[in-house]
Amino acid sequence: MSAQMINTLNQVMELGIKKSLIHRFTQDEVLNGRTVTIDGREMINFGSCSYLGLEQHPALIEGVIDATHRYGTQFSSSRTYASLGLYQELEQRLEQMFARPVLVTASTTLGHLATIPVIVDEKDAVVLDMQVHNSVQMAVQQLKAQGVSITMIRHNDMDALENKILQLRNKHRKVWYFADGVYSMYGDFAPMQRLKELMDQYTPFHLYIDDAHGMSWTGENGIGVVCSQLFYHEKMVLAGSLNKSFASAGGFIAFPNAEMAYNVKNCGGTLIFCGPIQPPMLGAACASTRLHCSEEILPIQQKVARLIDFTNRRIEELGLPQFEETQSPLFFIPSGLPKLTTEIIARMHKDGFYLNTASFPATPMKRGGVRFMVNGNLEKEDVAQMLDALAYHYPRVLADAGSSPEKVAKAFSIPEFQVKNHASSSVQLVPRKENLAAELFRDIHQADVREWDELMAGRGNFTHATLQMLQYTFSEGEAPENNWDFYYYKVNDKAGNTVLNTFYSTVLLKDDMFASASISRQVEEMRKNDPYHLTSKSVILGCPITKGSHLYLDRAHPEWKKALSMLIHQMQHTVEEVGATQLILREFRKGADDELKDFLLEQGLIESDIPDECLITDLSWKGQDEYLQRLGGKYRYNVRKEILPFTEQFRVVNEKPATAKEVKECYELYSNVFEQAYEMNVHKLPYRFFENICAHPDYDIIRLYLKEGAEGRKPVAVLFSHKRGENYHALIVGLDYDYVHSHNTYKQILYRSVWRAWELGCTHLDLAFTAELEKKKIGARPYPNCIYVQSADHFNQAVLTTLAQAEPKLKKLA
């Protein structure tokens, strides 16, 4: 797992922990299957996946007791050596139920890990459903080392799947599709009839499907959702769970033929190196399968079916939304951002109903919701009371957060709905007084020059004059990536004090911008056929060529959070208006403001690392000797060895390029670096931009020419920087790679930027991102930075995670 993923998961989990929604412990001395007690509060339990409620069934309890008395608490042996006899009984019973070879595993996850690397080889290709369970995706990661082609499609998109089959069938022996029978977050089903048609139509196409949530509560003998629709197919592998509705432990894999089962039994890693299901729970599993094969299971299944029907009807009567109505006992009520879902859940807990959140990263950030299950331990009265409470809290939480049923319907692409409370009256929302007022401009000329520069000029390379030039340069560009829309946003209080000031833009970004260099290389190969593959329209604070602290926010103001919420809502509105898929706030010092981080997380913005920025914050030395003395001994040695011996070989030109020829020469140097730059993979800037900055008073340009050779020789290095007041921002470098190693031209131009900033009387030098080591050598210090991202659709990012990362990262020069 990457450091970024660990950081992201920790953020989400920490929010749940602070809200007392996760990592809780029950306090019951005895469980009855219907309620749980947490934090001293007894709640009706709608969080259980034991759909038939068999955990208290006398037959299963007797199975545990009998097995424990006969075999003890454990049988500690790898199944490769010996298995307890109960395993044989259990597998034979499952084979009778499913009419095919079955292997029982210690869990469904371990079953995936045993099976997938054996049945899929390097000649095959894998297509993942975007929502397939994490345990399946985890097992598929093992295939990367074998060089297996792995791609992804949007959830249940059968047209996209068929296109993938057509693309891959002539290149690979088999094309595997990995999916769930019942998806664990939204509770919707895989389209089994369409999948059968594809297996029948295309010889290479095979299906691996996890029906863990579909087992037991439906189908003859509890064979589940998948087998109820497609009992057997010679190209289908079925995974199931003995946890959840079977109320015991373990998982199983049902194979289409004995040869495949034999290979997995002999070669499946977790079958060889992991422990077995222990005797007590094997006893429960055997008892559960016997129960499922008896007529006694029918009235239990029928009760759950009636509860499902009742729940669906009551949801409809109350006007609550569903992502998709199914006959599953797993329900999902859409709400949106994590702050909405967590608040609804917290209120429901207080009312005595235990429900779960379904949110990022299991769902897209803005498409989370309330997740609950009905089971055989509950009665209709329990469900009715819970749904009445949910109908009461749901619209009020939305209103308090500035959301609405209309916004939810739009976010989830579901029909509009109107929630009614338990008295069947429509909820009326009370308007609130606002103490803040916002202004939105679409042209920088509408913003007062003096006021803008007083607030923003010292924060980065976005003075009023600079933004005039950028707005002109990137308006109506021929290429989509060079056509940006600008928005200027300010929030004042009633007294006229500015609480927030910033600007943002709508742009086309590469989704692999911050991915590893090896992944970006792979994606760029794909872009040779489709230049806009894995790119997303985004709404970002600032614009792609600006850098600095884009957000002026008066943190001393009592309503700074409200002002920031207003900005986020405005940017979200723009996301919807222009059809963008992500919102990005940038840049912030990582680890410097936990209060802001927590607040943004509640708004659905996840902290994401970006490369460190390299700064020199003190340029007060008197001359070169003092400058060198300030460097550490190691870096002083580097400067003396790698930079100073070459300084006399260059002619330094600080005058801006004045002719079209000179501008073109500089652009060619920039193009050289761009073609090799993958560590921050961005779109190429247009020639027009360089023409304009060469004529702009806020920009400073350093060119290096070699002294030897013919007169009129081209420059071998160029650095484009922004200078305002005491701040010098080095932005874009260009190099002739024929001289990078022989003359250390990159190191030389970095060194020259230090002295150029010093000569101009600057006190702060920003050397931007990447090439951290080279910048540290000349006195820069790296500072960890982050951005905050909210994705309306994380499909492209999910696709990136499927790409192999075999090549080492390459450092960009700038």
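A cavity is taken here as a set of grid points where a 1.4 Å probe fits but cannot get out, and its lining residues are those with an atom within 4 Å of a point. The structure examined is a predicted model. In this model, four cavities of 30 Å³ or more were counted.

The largest cavity holds about 850 Å³ of space. Its lining consists of 42 residues, and those nearest the centre are Pro544, Ile545, Met680, Val682 and Leu731. Two or more lining residues are given to the largest cavity by each of the strands β16 (498-510), β19 (582-589), β24 (727-735) and β25 (764-769), and by each of the helices α23 (660-676) and α25 (745-759). Among the elements, β24 provides the largest share of this lining, with four residues. Sorted by class, the residues around the largest cavity comprise 31 nonpolar, seven charged and four polar.

The second largest cavity has a volume of about 60 Å³. Arg79, Tyr87, Val104, Thr105, Ala106, Leu110, Thr270, Leu271, Cys274, Gly275 and Pro276 form its lining. The elements that contribute two or more residues to the lining of the second largest cavity are the strand β3 (102-105) and the helix α10 (269-273). By class, seven residues of this lining are nonpolar, three are polar and one is charged.

Technical notes. Residues numbered from 1 in each chain as written. Predicted model: local features only at pLDDT ≥ 70, side-chain atom pairs only at ≥ 80, totals over all residues. Heavy atoms only, no water. 1 Å grid on protein atoms, 1.4 Å probe; cavity = no way out; pocket = protein on both sides within 12 Å on 5 of 7 lines; lining within 4 Å. Points joined across faces, edges and corners; volume = space filled by probe spheres on them. Nonpolar A, V, L, I, M, F, W, Y, C, P; charged D, E, K, R; others polar.
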